[in-house]
Amino acid sequence: QVQLVESGGGLVQPGGSLRLSCAASGSISSIYSMGWYRQAPGKQRELVARITSGGRTNYADSVKGRFTISRENAKNTVYLQMKDLKPEDTAVYYCNAEPDAISPTVWGQGTQVTVFS
């Protein structure tokens, strides 16, 4: 039922910052987990960050200390603040929602992040 739309991607120089937004069509307060994944050319899709309905967060080792996931329930939006961007961060970033343990996951269409060296 929930639909996700990502925005905020773009082109940035190494060391720069971007903030990605994931707007949901419905309430996110009852969704078990929401997160960000990314897929670089020729690579498998990988987890970047997750946040649960209770506020617990998880990050990939490669982004710890640089990326921050957060949510604003009143706006049904999840954010990914990215700082000190590196060329290896270049990928399509996808928003993800896991409604519960048995329901199908939901994916957004993706937003491109390109970091030039």
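User: Why is glutamate 88 called exposed?
Analyst: Its relative accessible area is 56%. Exposed means over 50%, buried under 20%, and partly exposed lies in between, with a 1.4 Å probe and protein chains only. Glutamate 88 is therefore exposed, at 56%. It sits in the loop between E8 and E9. Its C-alpha atom and that of threonine 105 are separated by 27 Å, at 17 residues apart along the chain.

User: What kind of model is this, and how are residues numbered?
Analyst: It is a predicted model: local features need pLDDT of at least 70, side-chain atom pairs count only at pLDDT 80 or more, and totals for chains, interfaces and linings use all residues. Numbering runs from 1 along each chain as its sequence is written, and side-chain values use heavy atoms, leaving out hydrogens and water.

User: What makes threonine 52 buried?
Analyst: Its relative accessible area is 19%. The limit for buried is under 20%, so the label holds. Threonine 52 lies in strand E5, residues 46–52. Strands are DSSP runs of at least two residues, marked E, and helices are H or I runs of at least four; numbering starts at the N terminus.

User: Which residues does threonine 52 touch, not counting those up to four places away in sequence?
Analyst: Tyr32, Ser33 and Arg71. Contact means heavy atoms within 4.5 Å.

User: What makes a space in this model count as a cavity, and how many reach 30 Å³ or more?
Analyst: On a 1 Å grid over the protein atoms alone, a cavity is a set of points where a 1.4 Å probe fits but cannot get out. By that rule there is 1 cavity of 30 Å³ or more. The largest cavity has a volume of about 30 Å³. Volume here is the space filled by probe spheres set on the points, which are joined across faces, edges and corners.

User: Which residues line the largest cavity?
Analyst: Ile28, Ile31, Ser33, Met34, Ile51, Thr52 and Arg71. A lining residue has an atom within 4 Å of a point.

User: How many salt bridges does the whole structure hold?
Analyst: The search finds 6. One of them joins glutamate 98 to arginine 50, with the closest N and O atoms 2.8 Å apart. Glutamate 98 lies in strand E9 (residues 91–98) and arginine 50 in strand E5, so the pair ties together parts 48 residues apart in sequence. Glutamate 98 is buried at 16%, whereas arginine 50 is partly exposed at 22%.

User: Where do the partners arginine 66 and aspartate 89 lie?
Analyst: They form a salt bridge, with the closest N and O atoms 2.8 Å apart. Arginine 66 lies in the loop between strand E6 (57–59) and strand E7 (67–72), and aspartate 89 in the loop between strand E8 (77–82) and E9, so the pair ties together parts 23 residues apart in sequence. Arginine 66 is buried at 11%. Aspartate 89 is buried at 1%. Arg38, Glu46, Arg66 and Asp89 are linked in a network of salt bridges.

User: How do you know that E7 and E8 pair, and do they run parallel or antiparallel?
Analyst: Pairing takes at least two DSSP bridges between two strands. E7 and E8 are joined by 6 and run antiparallel. Phenylalanine 67 stands opposite methionine 82 in E8. The two strands form a hairpin with 4 residues between them.

User: What makes the phi of asparagine 76 worth noting?
Analyst: It is near 50 degrees, a positive value in a residue other than glycine. Most residues other than glycine have a negative phi. Asparagine 76 sits in the turn of the E7–E8 hairpin. Aspartate 84 also has a positive phi, near 50 degrees. Aspartate 84 is in the loop between E8 and E9. At 38% relative accessibility, aspartate 84 counts as partly exposed.

Key
1 Å grid on protein atoms, 1.4 Å probe; cavity = no way out; pocket = protein on both sides within 12 Å on 5 of 7 lines; lining within 4 Å. Salt bridge = Lys/Arg side-chain N within 4 Å of Asp/Glu carboxyl O.
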